[in-house]
Amino acid sequence: MIRRPPRSTPKPSSAASDVYKRQEWIRVRENVQIGLQTVDAEGELSTVEIQSEGLDLRLAQKVDLAGGGRGSVKSETNSNTSTNSGQDNIETLILQGQVWVTHWETDKQGNTKAVDRLFALGAGLHYPTGNLIAGGPGFTQSIRTQNGLSQISGPIVDTQDSAVGSGRTHVRIEFNRDIKGNIYQKHLAFNGDVRVYFVEVPSWDSWLEREELQQRSDLVFMKCDQLTTDEVMIQRNAPMSLLVQATGNAGLRGRGIEARATRMTYDQSKDLLTLVAEGRDDAELTRQTQPGTNTDQVRARAVSYTHLRAHETS
């Protein structure tokens, strides 16, 4: 996940001409590139690169475009456009057209912890509140270590069944309508025909497209109408835990597990998957421990599942 934007000065942004200001708005058209870096209290580095076809930037206060002081913006045809102010002077950031965001996270020793990518059709961020929206159809891709946060991985990953066993997980989330959320509260909601693909990969550059993921024997696939993810602090100085909820026509299959329900919730801190039925049909979970063996099936209004067993809860 992208962290809270830094208060320090960002790296220079490059863009083509047509930069102008109307009241507190700054607009850039064609080939926008932005780079941001921040280091947290533990010395971990977060780097974000953004590319889009246009940029609308609303500042918290008016600036002097011709001046050279703090908060100034200078522009020149076919040259770099740089903002000298800190992020505290940005109120609203709107990215136009096709938007690509790449995020790298490294620890204080310089070891990669996570790489995230986002593609969307337009995106907006309100800096004071952290509210985010990105248009679809689009997708996110993440490669993370298992001791980090790997979305949708917990309920079906068993290391003895892993096809790769590298400790790196690749997650692709496709959404049709939009993403809404809050980057400070670490909450995201993917909306509209959401599809999730999960596999293990050997390296940080092992990016896979949908067709390649669908060919993997170790693929775990989930679908739903809406997917929400929340990062939750369980205890101080411990890694954040992930809470995932799939709502509306939720289905899950892969690695000997198949499930369907109106709503599925996975709590990483408890390693617990919960299925809930609403309407006429029960929630259903089928599990096969080994290929060729009999399957265990549970059907009920609510079903809880861990790696070891599944049971009815109501």
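Predicted model: local features only at pLDDT ≥ 70, side-chain atom pairs only at ≥ 80, totals over all residues.

Visitor: Why is the pair R172 and E174 called a salt bridge?

Guide: The cut-off is 4 Å between a side-chain nitrogen of Lys or Arg and a carboxyl oxygen of Asp or Glu. The closest N and O atoms of R172 and E174 are 2.8 Å apart. That value is within 4 Å, so the pair counts as a salt bridge.

Visitor: How many salt bridges does the structure hold?

Guide: It holds 17 salt bridges.

Visitor: Are R172 and E174 buried or exposed?

Guide: Buried means under 20% relative accessible area. R172 has 5%, and E174 has 9%. Both values are under 20%, so R172 and E174 are buried.

Visitor: What makes R210 and E174 a salt bridge?

Guide: Their closest N and O atoms are 2.8 Å apart. The cut-off is 4 Å, so the label applies.

Visitor: Which parts does the pair of R210 and E174 tie together?

Guide: R210 lies in helix 1, residues 210–214, and E174 in strand 11, residues 168–175. The pair therefore ties together parts that are 36 residues apart in sequence.

Visitor: Why is R210 called partly exposed?

Guide: Its relative accessibility is 32%.

Visitor: What makes the pair S46 and H103 a polar contact?

Guide: The side chain of S46 makes this contact with the side chain of H103 at 2.8 Å. The cut-off for N or O atoms is 3.5 Å, so the distance passes. S46 is found in strand 4, residues 45–59. S46 is buried, with a relative accessible area of 3%.

Visitor: How do you know that F175 is buried?

Guide: F175 has a relative accessible area of 3%. The limit is 20%, so F175 is buried. F175 is found in strand 11. Leaving aside neighbours within four places in sequence, its contacts include L118, F119, A134, P137, F139 and F190. The C-alpha atoms of F175 and V194 are separated by 4.6 Å, though these residues are 19 apart along the chain.

Visitor: Why is L59 called buried?

Guide: Its relative accessible area is 4%. That is under 20%, so the label holds. L59 is placed in strand 4. Beyond neighbours within four places in sequence, L59 is in contact with E24, I26, N89 and E91. L59 and L93 are 34 residues apart in sequence, with 8.9 Å from C-alpha to C-alpha.

Visitor: Why do strand 8 and strand 9 count as paired?

Guide: Pairing needs at least two bridges. Four bridges join strand 8, residues 112–126, to strand 9, residues 131–135, so they pair. The two run antiparallel. L125 stands opposite L132 in strand 9. Their hairpin has four residues between the strands, and G130 there takes a positive phi near 85°.

Visitor: What makes strand 9 and strand 12 a pair?

Guide: Five bridges join strand 9 to strand 12, residues 178–182, and at least two are needed, so they pair. These strands also run antiparallel. The bridge partner of L132 in strand 12 is G181.

Visitor: Why is the peptide bond from G136 to P137 called cis?

Guide: Its omega is near 0°. P137 is found in the loop between strand 9 and strand 10. Most peptide bonds are trans.

Visitor: What is the phi of K186, and what is that of D193?

Guide: Phi of K186 is near 55°. Phi of D193 is near 50°. Most residues other than glycine have a negative phi. K186 lies in the loop between strand 12 and strand 13, while D193 is found in strand 13.

Visitor: Why are K186 and D193 called partly exposed?

Guide: K186 has 26% relative accessibility, and D193 has 42%. Both values lie between 20% and 50%, so both residues are partly exposed.

Note on methods: Residues numbered from 1 in each chain as written. Heavy atoms only, no water. Buried < 20%, exposed > 50% of the residue type's maximum accessible area, 1.4 Å probe, protein only. Polar contact = N/O pair within 3.5 Å; in protein donor to acceptor, adjacent residues only side chain to side chain. Contact = heavy atoms within 4.5 Å.
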